[in-house]
Amino acid sequence: MVTQDNILLEVKNLNVDYLASNGTVHAVTDVSFTLRRGEILGLAGESGSGKSTLAYAITRLLRPPAQITSGEILYYPRAARNQDDSRVTVTNLPKNGRRGFRRGKGQVREDEVIDILQLSSAQLRAIRWNDLAIVFQSAMNALNPVMTVGAQIMDVLRTHRPDMGADSRKQRALELLQLVGIAPDRLRSYPHELSGGMRQRAIIAIALALSPEILIMDEPTTALDVVVQREILTEIMRLREKLGFSVIFITHDLSLLLELADHVAIMYAGRIVEKATQRDLYLHPRHPYSYGLLHSFPTLHGPREKMSGIPGSPPDLRNVPSGCAFHPRCPCAFDVCPKVLPVLQPALATNPEQVVACHLYDPRYHAEPPTTEDLAKAYQALAEGSTVS
Amino acid sequence: MKQLDSTITPIDSDSSSQPILEAEHLRKHFPLRNANPFGQKKFVHAVEDASIALYPGRATALVGESGSGKTTVARMLAGLYAPTSGTIRFRGQPVRLLDRAVLSKYRRHVQLILQDPFSSLNPVHDVRYHLARPLRIHRHVRNKAEETEQILSLLNRVNLSPAEQFIQKYPHQLSGGQRQRISIARALAVQPQVLLADEPVSMLDVSIRLDVLNLLLRLKEEEHLALLFITHDIASARYFAEDTFVMYAGQMVEGGPSDEVIQRPKHPYTQLLISAAPDPERFSAEGSKTSLTARGEIPSLINPPTGCRFHPRCPHAMPVCSERFPKRTDLGGGRWTHCFLYGNGDDKTEKTDTKS
Amino acid sequence: MQIQQAPQPAGAVAVVLMPEPKTPFYSRFLRIPFAIWRAMTISRKVAVGSAIVGFFILVGIFGPIIVRTDPNATSNLFIAPPSPAHWLGTTVVGEDIFSQLVYGTRTSVFWGLGTGVLVTIVSVIVGLVGGYFGGWVDDVLTLLTNVSLVLPALPLAIVLAAYFPRGPLTISLVIVVTNWAWQARVLRSQTLSMRSREFVTAARATGESTWRIIFFEIFPNEIGLVVAGFVSTTIYVVLTWAALEFLGLGDGSIPSWGGMLYWAQQAGALGGGLWWWFIPPGACIALLGAGLSLINFGIDEIADPRLRVERPRKLTKAMKKAVA
């Protein structure tokens, strides 16, 4: 049961556009999702799905010509802390950054709600890194090559925690290195002296420096080898157990997400097309794109069968197909698909948690919702019916 | 679903097919520029003693992480690097690739496909130019009309239809998958017998990778090509290739039929790779609980560990492992490995394998 | 976004209905006039600069045809101020200054541009060859380049011009010899980075010969840099030319801007307040230099989209509210 208490971040109807001289590109359209405390939310998508833009939008790191044209990003911080009191509490924020949140009998709750899109830059700076940290793609190249790793961690501490003395900063830096599994003598190492995996760990240490509530990771392991990737992911999960933060994990590798995330949202052409728990998505993906994506990864075990990916390629966001953006590639597309945009709704009444944006599950257009086997058969027919590859 | 050919004959038993391209004991050391010209010369020991054989109509996968030397092996086979030592044999005859004339003839038979579709095509030239050059260089066409005809047929073979539309496009007007198909077409224009594909789908979107892989498989069937498939993704190696070779830090560690190597890995490094690969079937209710079978990082290739380069990380390391590199041990059924756990390589006794 | 349709049935080769296609290189050249026009109008700086340079080129081509007065014809009217007969007055020997200016434009502009082209060619060859081959070839060429950079250009040019027979060809060659190094260095470093690009590796694997790789694969990618280099080189060429002529190292009989300044200096025009003699050629030199510089700034903007001045679009009220 999801209670209101459990929600950490709520994104509502977010729209991000890129205003170019030759037209507007809708990078993110009408995206809504919820992030609960301590959970890992996976955002899967290919190029042009808008997932990176979404990550930047949440942290308000977008620059012109990208603009957030509408939507809300609501953050529900914890009021009290039972850990070290070095964290900046919400009550330090200037008044006009908060909105009262009335519940129940008309009393204002202890937890306030903050709309990140409404914050001024000063308030934003208070939130950033304290509550919300982001690890970028190829972040290991984001380390300053002329500063030691320790200096960079302490730099972050000095900026956000001016009350900390030099000694306690160093202490905290050592703590953080130990936390991510880097030997403490590496405090004085330069980034080029560390391997790719260690640099990525250093970046994660910097991200966790102020014990944030939310960690956004944009393809953090794409540039790493598979063994190091596995180590980093294990590390993240262990840290999550220990520190209790939530993670938004963005990647194109769906098979990785299925091992890692609690909930998965699949994005296509700027919209979310399916949201489900890890188990639901693995056992019965509802959206034809989710099914196709899931079955684009050759398996390590199981029978060796001929697989076909999804025909066509991800759409150019300047030319998104009408109606459902996936319809040109969909093996199950039917007459209403190019005409009407599907909205996210529960696939089956029995499982309201799994929502999908597909007309196949809309009783107005399609009598019987398909089972996973039906989707499988449709893809098979596509693979065999075409004379190509 | 159509089953892939599961009755793959191991190579030894099929005596009628000879390897079309063979490399033996290839070694490549890249010299490093020293700050001190009188000091000891330093080298990057990229490849040590790699041997590989490619057969017509068969795909072979070369799997490894970064620094394993797989790309260097491919480039040596393509004639882009000269091996420091070792022989390359084409159709049984050794080829001296330093000789310009020999190299030029060799390139007619062996072609390379590169990893990055975004930089392997020259942005100032259109598709016609890219495909016409190999036709012209290797003199497959005599005039403009023939050239156009061949180009259109090439585009059709890689499923870029309608071909007339593509012929005038520039690379920036094409998607990643289309560009990679153009690279494949360019390699095919030469009419080679061997295709070396260096991570051909790593930089493509997930949903189109299978399309390109299936295209390569189809071309392999139709033209009876020998394919070398280099990848870091061991699952796609299993899907794509009949044989898989595993490399670590410049050394070959294991090889054999793909399914065998992946389902029952013998070498500790192969076991590590398999344990690290994402596998959704493994998840439990609380998330992934897989643990790696070894820790540590890939060693530096400038001062690599002595003997077997995996020994610092190997859970089964023995003193002999740091002394010398184990010779090849045949494990039967076309499988072999370089590991002291299975023998010294000088005798054919098979030890019982450790827990896989 | 391409939807892959089924391939045509086997055996049916598509009839080629295209007109006889030119090789890509030529067709690319045909696009150049359009590209140039677009480039000239895309930025105000470039538009103004091109207008100035274009004006001088036109004067250089058509001026002497329209202005019929012989610049070398002496007359009895000495050091006359501007009048309807002589628009810019006369020199100390009665030559018409205006016609000298117009004829001089032809010399200065075309020799200037021509020399600029020559310098560019030399620097392209040196830069590309050194950058691609590396090894001892590169070492030798880099040594030459560095030495040439270290030697002071103008003094060396003066010495050389004084030594060899007078004439515009001498000055041109002297300028080429003293000015090729800068652009060569830039192109060499660009070629070094291009050399490791994957399409070069792919071309090698296909079997392309080295020369074709240098001039047909790498060079077309550097054309933007070469054009920018040409423009900045030409600025120096024009100014250096004027300087050498001013010092009397040019051929005094051929009209040119720098030559006019030389004669004006000899006749004491500066001290004598004969503004109509030395100001027009000086202004022309400065104007041409300014025009070329404006084009140069603009090229930077065109080549690197990040430098383009972002004119912000008007935000609607709703957007303003939610702007990041």
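Reader: In chain A, which residue of β2(A) is the bridge partner of Val11(A)?
Author: This is a predicted model, in which local features need pLDDT of at least 70 and side-chain atom pairs count only at pLDDT 80 or more, whereas totals for chains, interfaces and linings use all residues. Residues are numbered from 1 along each chain as its sequence is written, while chains are lettered from A and ligands numbered from 1 in the order in which they are written. Strand β1 (residues 7–20) of chain A and β2(A) pair in the antiparallel sense over ten bridges, where strands (E, at least two residues) and helices (H or I, at least four) are DSSP runs numbered from the N terminus, and two strands pair if DSSP finds at least two bridges between them. Within β2(A), the bridge partner of Val11(A) is Phe33(A).

Reader: Which strands stand at the edges of the open sheet of four strands in chain A?
Author: The strands of this antiparallel sheet follow the order β2-β1-β4-β7 in chain A. Each edge strand has a single partner strand, so one side of each is left without a neighbour in the sheet, and the strands in that position are β2 (23–36) and β7 (114–115) of chain A.

Reader: What angle does the direction of helix α1 of chain A make with that of β2(A)?
Author: Helix α1 (residues 51–58) of chain A packs on this sheet and touches β1, β2 and β4 (66–75) of chain A, a contact being two residues whose C-beta atoms, placed from the backbone, lie within 7 Å. Axes are lines fitted to C-alpha atoms, for helices over the stretch in contact, with angles from 0 to 180 degrees between N-to-C directions. On that basis, the angle between α1(A) and β2(A) is about 70°.

Reader: In the open sheet of eight strands, by how many degrees are neighbouring strands turned against each other on average?
Author: This sheet of chain A has mixed pairing and the order β8-β9-β10-β3-β11-β12-β14-β13. Its edges are β8 (132–135) and β13 (345–348) of chain A, each with a single partner strand, so one side of each lacks a neighbour in the sheet.

Reader: Which residue of β11(A) is the bridge partner of Leu41(A) in β3(A)?
Author: Strand β3 (residues 40–44) of chain A is mostly covered, with five of its five residues buried, that is, having 20 or more other C-beta atoms within 10 Å of their own, against 12 or fewer for exposed residues and partly exposed in between, with C-beta atoms placed from the backbone. Ile40(A), Gly42(A) and Ala44(A) point one way from this strand, and Leu41(A) and Leu43(A) the other way.

Reader: How many charged residues are on the side of chain B that touches chain C?
Author: The contact takes 35 residues from chain B and 22 residues from chain C. Among the elements giving two or more residues to the chain B side are α3 (127–137), α4 (144–157) and α6 (176–189) of chain B. Here Ala, Val, Leu, Ile, Met, Phe, Trp, Tyr, Cys and Pro count as nonpolar, Asp, Glu, Lys and Arg as charged, and the others, Gly among them, as polar. That side has 13 nonpolar and 14 polar residues, and its charged residues number eight.
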